[in-house]
Amino acid sequence: MAALGTLYIIAAPSGAGKTSLVKALVECTPGVEVSVSHTTRAPRPGERDGMNYHFVDTAAFESLINAGVFLEYARVFDHYYGTSRDAVLARLTVGMDVILEIDWQGARQVRELHPDCLSVFILPSSREVLRQRLIRRGQDAPEVIERRMRDAVQEMSHYHEFDYVVINDDFQQALESLRAVFIANRQRQSRQSARHRQLLATLLS
């Protein structure tokens, strides 16, 4: 039987560089993919439906909630975000490592259903660095940035609920630290035993 993939949760305050780190991780690490979430927020410039998110309206999202479709969902910045249970399980079953980019609320929901998942929290090197990143994105009005900063402090207060913490001060170093979590987990005895069952049988016969 093939080794099942691992479910990963990666969370961070807005502006900490999570999306960029995850994108770089997927590009340099075979067998890792990001779950495409549903959301009620509008697409940002360059985002595509079905690739970055499944964009739906509030009524459609609430219908999916009622149908029990989501592994987790949360309301963040006045918009819903949710992860399809069946889509994630299908990819894990074929051995893919799947990343959920969710907040601490969603992380709690996922841990209850998948206690064997691994979680990583990404922190900025300072609040000022976080503020400057939000400003440089050029996507939000000043009052929205201030709200995001207030929410970031609340979000960061949950870092201790996660298995690993990565400080995104130097991007390349943060990427290497994040990738190390994935590579080390693949060497666990349980995963290696499932992946190399035939080899082990030959070595021990």
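Trainee: So what's the strand order in the open sheet?
Mentor: It goes β2-β7-β1-β8-β9, five strands with parallel pairing. Strands here are DSSP E runs of at least two residues, helices are H or I runs of at least four, both numbered from the N terminus, and two strands pair if DSSP finds at least two bridges between them. Mind that this is a predicted model: local features need pLDDT of at least 70, side-chain atom pairs count only at pLDDT 80 or more, and totals for chains, interfaces and linings use all residues. Residues are numbered from 1 along each chain as its sequence is written, and side-chain values use heavy atoms, with hydrogens and water left out.

Trainee: Which strands stand at the edges?
Mentor: β2 (32–34) and β9 (164–168); each has a single partner strand, so one side of each is left without a neighbour in the sheet. On average, neighbouring strands are turned by 25 degrees against each other, direction ignored.

Trainee: How many bridges join β8 and β9?
Mentor: Five, in the parallel sense, with β8 covering residues 118–124. L123 has I167 in β9 as its bridge partner.

Trainee: And which strands does α4 lie across?
Mentor: Helix α4 (residues 104–113) lies across β1 (7–11), β7 (97–101) and β8, and runs at about 165 degrees to β1. For such angles, axes are lines fitted to C-alpha atoms, for helices over the stretch in contact, and the range is 0 to 180 degrees between N-to-C directions.

Trainee: Switching topic: which residues touch the most other members of the largest nonpolar core?
Mentor: L7, I10, I99, L100, V110 and F182, out of 41 residues. A core here is a set of buried Ala, Val, Leu, Ile, Met, Phe, Trp, Tyr and Cys residues joined through side-chain atoms within 4.5 Å. Buried means under 20% relative accessible area, exposed over 50%, partly exposed in between (1.4 Å probe, protein chains only).

Trainee: What does L100 touch?
Mentor: Leaving out residues up to four places away in sequence, its contacts include L7, I10, L71, V88 and V110. Contact means heavy atoms within 4.5 Å.

Trainee: How many aromatic pairs are there?
Mentor: Nine, where Phe, Tyr and Trp rings (six-membered for Trp) pair if their centres lie within 6.5 Å; planes under 30 degrees apart count as stacked, over 60 as edge-to-face, the rest as tilted. Y53 and F55 are tilted, at 5.8 Å centre to centre and 55 degrees between the planes.

Trainee: Is that pair buried or exposed?
Mentor: Both Y53 and F55 are buried.
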